Amino acid sequence: MSLTVFTGGTILVDPLAEGAAARSAAIAFRDGVVAALGADAAALAAQPDARVIDLAGGVLAPAPGDGHAHPLLGGLEALGPRIREAADRPGIIDAVAAWKAEHPEAEWIVGGSYDATFAEGGLFDARWLDEATGDTPTILRAWDYHTAWVNSAALRAGGITADTPDPDLGRIVRRADGSPLGTLQEAAANDFLADVVPAYPLDTRLSAIESATRRYAAQGTTWVQDAWVELTELPVYLAAAEQQRLHTRVNLAFRAAPGQWREQLAAFADARSTVEALGADRLTAHTIKFFVDGVIESHTAALLAPYADRPDEHGLPNWTADELASAVTAFDAAGFQLHMHAIGDAANRFALDALEAAIRANGPRLRHHVIAHVALLDPADVARFAELDVIANFEPYWAQCDAVMRDLTIPHLGHPRDEWQYLIGSIVRSGATVSFGSDWPVTTLDWRPALSTAITRHSHAEPDATAWLPDERIDPATAYAAYTAGIARQALAPDRGSLALGQTADAVWLSADPLAIAPEAIADLTVHGTWLAGERTYQR
């Protein structure tokens, strides 16, 4: 039996509780659960088997989770050129050249994530890379992970010419003469990565997921939704769990593919059974991922009305409405949780319609389905999240008017749709469950600046900035609860999400109370330790 008692600071028991139930002066963990609070917990410190931790005036809070991320991709990104740090397009090319010089034996250069605002319209030319890369095929993912920039050698390796047709659900961006520019969108990028670019060895991917989960543990995170898993990646996670190299819990969401989902039903059920048979408490596979559409910045998000700057373009939905409803209904009947990427207002409506069809077909029961991102939502659809009891998973760091928003997103949408973005406050007020995520490596995995943004609707680095869509701000307690109670529901874990008696002892030791300090200061909070079911996974 293990006993850990925390004193000398504040215990944030439940951010949504009122009065004395919200905070305590002491807490005790025994065998992975919260065993005592307040004076009862302090008294346990005298027991001979107790480990006593002095919080030194800090705060022990429920551990946050990440409701939408790609930890394996994030871990692998660190192996390539450091292009994310580049300040402009020449900086990207310099980083690629430096990496090539350091790795002369590399047969491919694979990197991420470049800033799409460094080229007009987010369109990048293969020839810009050629001088730095020569005959080494090179593919760089944009920050959105829906777009890729390749050099001429990579185009040759993939057999892409002026005569190559666009793949289903993808685009090969072309010059005026029809030749491929060097920018691949959606399936054109993803199929290229899957079918042309050599896969990393298993050991490399295993090290990447271990490194990624260590990073999560170091910021207090104890559960992560990997929101895009192919069956080829299952061996990585199984090996990581067997070798105890997962430092946070991870739930896998297998990607359902249009045209293949009927065959995938049995394969995904078998994969779920394989994970369950392993019996690893840090690995689950409850979930199926649907990419309903793409992203606004590349005009691939599905919109109800045409793009403001492309009046003949509604985007690139990945599913027809009928096929999506059929697939969602089938996976719902098989007992899977659904996790649906929906960016455009049409995609969000299609997702809600499909979930409603599944409920109608399969009958009432408690469900925990998720629509992720909810980037652009027609106000007429806000109430449907609560009516259908669908979890709205937002990436709150995006809820600010940054360069991407100013230069790409808003011009593509026009008014009034520019004000229909990230309606977090509206969804909260509707009574629906909200969870938060990062979409790392698309943006930072750090929940602290994202929490600040949810509260302020501007960057923490600009404390005097004007709030963007200020009616969509939420209070600190509600925002933090989206990372805790909201995540617990998404994770199918009613025993997590707070530090109340009997709850699983998932906790983070912070230097200050995130609900009491200035929102802009949240990003600077220090994490002193992380506990997952009472086991310390990080110590500063």
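This is a predicted model: local features need pLDDT of at least 70, side-chain atom pairs count only at pLDDT 80 or more; totals for chains, interfaces and linings use all residues.
β22, residues 527–532, pairs with β23 in the antiparallel sense, over 4 bridges.

Next, another sheet. This one is also open, with 5 strands, ordered β9-β10-β11-β13-β12. The pairing is mixed. Which strands stand at the edges? β9, 109–114, and β12, 170–174. Each has a single partner, so one side of each has no neighbour in the sheet. From one strand to the next, the twist averages 25°.

Inside this sheet, look at β11 and β13. β11 covers residues 147–150, and β13 covers 180–186. They run antiparallel, joined by 3 bridges.

α4, residues 126–133, packs on it and touches β9, β10, β11 and β13. The direction of α4 makes about 50° with that of β11. α3, residues 89–102, lies across β9, β10 and β11. Its angle to β9 is about 150°.

On to a helix pair. α7 is residues 202–218, and α8 is residues 234–242. They pack at about 60°, with axes 9 Å apart. That angle makes α7 oblique to α8. The crossing is right-handed. Who meets whom? From α7, we have L202, R205, L206 and I209. From α8, P235, V236, Y237, A239 and A240.

Last stop, α11, residues 345–362. A quick geometry check. It has 18 residues, and at 1.5 Å a residue the helix should span 26 Å. The end C-alpha atoms are 26 Å apart, so the two agree.

Which residues of α11 are buried? D345, A346, A347, N348, A351, L352, A354, L355, A357 and A358. The cover over them includes α10 at 321–333 and α12 at 382–388. It also includes two strands, β17 at 337–342 and β18 at 370–373. Just after the helix comes G363, with a positive phi of about 90°.

That's the tour. Questions, please.

Notes
Residues are numbered from 1 along each chain as its sequence is written. Side-chain values use heavy atoms; hydrogens and water are left out. Two strands pair if DSSP finds at least two bridges between them. Axes are lines fitted to C-alpha atoms, for helices over the stretch in contact, and angles run from 0 to 180 degrees between N-to-C directions. Contact means heavy atoms within 4.5 Å. The expected span of a helix is 1.5 Å times one less than its number of residues. Buried means under 20% relative accessible area, exposed over 50%, partly exposed in between (1.4 Å probe, protein chains only). Angles under 35 degrees count as roughly parallel, over 145 as roughly antiparallel, 65 to 115 as roughly perpendicular and the rest as oblique. A crossing is left-handed if the near helix is turned anticlockwise from the far one by less than a right angle, and right-handed if clockwise.
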